[in-house]
Amino acid sequence: MSEVIVVTSGKGGVGKTTTTANVGTGLAMLNKKVVLIDTDIGLRNLDVVMGLENRIVYNLVDVVEGNCRIKQALIKDKRYNNLYLLPSAQTRDKTSVSPEQMQKLIDELKEEFDYIILDCPAGIEQGFKNAIAGASRALVVTTPEVSAIRDADRIIGLLEANEITKVDLIVNRIRMDLVKRGDMMTIDDVVDILAVSLIGAVPDDENIVISTNQGEPIVGTDALAGRAYMNIVKRIMGEDIPLMNLDTDNGFWNRIKNIFKSK
Amino acid sequence: MKQTVMIKGNAYGLVVMLDKEAPFEDILKEVAVKFRDSAKFFKNAKMAVSFEGRKLSPEEQQQLIETITDNSTITVVCVLDKDEENERRFKKKLEEAVTGSATGSGQFYKGTLRSGQVFESESSVIILGDVNPGARVVAKGNVVVLGALRGTAFAGLSGNEQAFVVALEMAPTQIRIADTIARSADRPPVKPDSADQPKIAYIENGNIYIEPLCKEVINDIHLI
């Protein structure tokens, strides 16, 4: 049984590509056969985040137009044998592919992979329609900002209209220090407005910036964001993992307290 | 011969111009003739009627209306004194009569109305769920949100100033009732002090007021 998951948000820059890379890598670490598809034609960057840019020969548009076989365009990840990337084309635009063509492509990939993860472009136009065409499940990424939440709300409405009912929410870039001061919305506030199930929360972690720039997904590392992503991966696979405490108050007294707690 | 009766139409009904000096008996006869002649044209129309050009006693007015209904198949919905400003009320009265009691009956919607979604109704609306920012509920009657109202609600679309908006959590972007618009404060308090209390928005003296939904307020509601 294979699952087709679209990672979407409406607003740009909230972490769709980072989430796609980490969730995909995490699933591969747990021995699932995974393919990541970058549907952001013309603005490709999933390959960069994965550190696979230099291996691209063929791309999504080549496959759809029949210039090559699917196998030729799939790039095997440098760390995991069971993880593949289908990169997008940089020199074309969203109109080069139609939802019907995406559906057909995904139906073919379903035969071979456990998880097909689609990195959706920002916006609600052609690129979005292409990305959701073959999906049966969605991960909606948002940050705790009103603009991102507004767009996420719109996206959830559109997903429901397109009969994608399995919608889960990832709240990204939470800063517990701001939340505590009352300057940032809490996770509960966000879930309250969007009224969909929360599948995970990822803290704003500087290690993400480093990992992205190095083309190495953070999932599986001991960084807070890395652990948060691994929890999300396990929940996607159906495990019941409680939300972790994102509070990283490493002040002196807290450390002392922690020492006593652990004893 | 001078015409003693003239019939004019405006967008919502008929204006019957009456001669000031002619005897009332003559006018009655002339009205009967005019309406009989044009009975086919009017068919079974529902109309508002106003009389102009002459002061009429209530009895005279009644006689005129009877003459009109006897000589044609028109249903006279209401009679108004001709007044330039009254044309709007004309319109509302007629629309209310045509659409039936817009506020008395309602339509249900279950689910969250999300940004970009619009729910429109010819009657009143009851939303079982939230109305999120960027979403709109538009009703000719009342709007009741059994959840949080964070988007825009528009009650009394056709101008009914008795229409109201009720929400369990009242935090709207904008509320419109009839022709009056109210928007939320530019800087909403971080935690509205009474956010979890059901509230009602209504018009009084051309202003929209929002108040906790208590017994006294409910007693003041009139469904027309």
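Two strands pair if DSSP finds at least two bridges between them. The views below show a predicted model.

**View 1. Strand 2 and strand 5 of chain A pair in the parallel sense.** Strand 2 covers residues 34-38, and its pairing with strand 5 runs over 5 bridges. One position to look for is A:Asp38, which stands opposite A:Asp119 in strand 5 of chain A.

**View 2. Strand 1 of chain A also pairs with strand 5 of chain A.** Strand 1 spans residues 3-8, and the pairing is parallel, over 5 bridges. A:Val4 has A:Ile116 of strand 5 of chain A as its bridge partner.

**View 3. Strand 5 of chain A is mostly covered.**

**View 4. A:Glu163 has a positive phi although it is not a glycine.** The phi angle of A:Glu163 is about 60°. A:Glu163 sits in the loop between helix 7 (146-161) and strand 7 (166-174) of chain A. Its relative accessible area is 69%, so A:Glu163 is exposed, the cut-off for exposed being over 50%.

**View 5. B:Asn205 is not a glycine but has a positive phi.** For B:Asn205 the phi angle is about 50°. The loop that holds B:Asn205 lies between strand 14 (199-204) and strand 15 (207-212) of chain B. B:Asn205 counts as exposed because its relative accessibility is 71%.

Technical notes
Residues are numbered from 1 along each chain as its sequence is written. Chains are lettered from A and ligands numbered from 1 in the order in which they are written. This is a predicted model: local features need pLDDT of at least 70, side-chain atom pairs count only at pLDDT 80 or more; totals for chains, interfaces and linings use all residues. Side-chain values use heavy atoms; hydrogens and water are left out. Helices (H or I, at least four residues) and strands (E, at least two) are DSSP runs, numbered from the N terminus. Buried means under 20% relative accessible area, exposed over 50%, partly exposed in between (1.4 Å probe, protein chains only).
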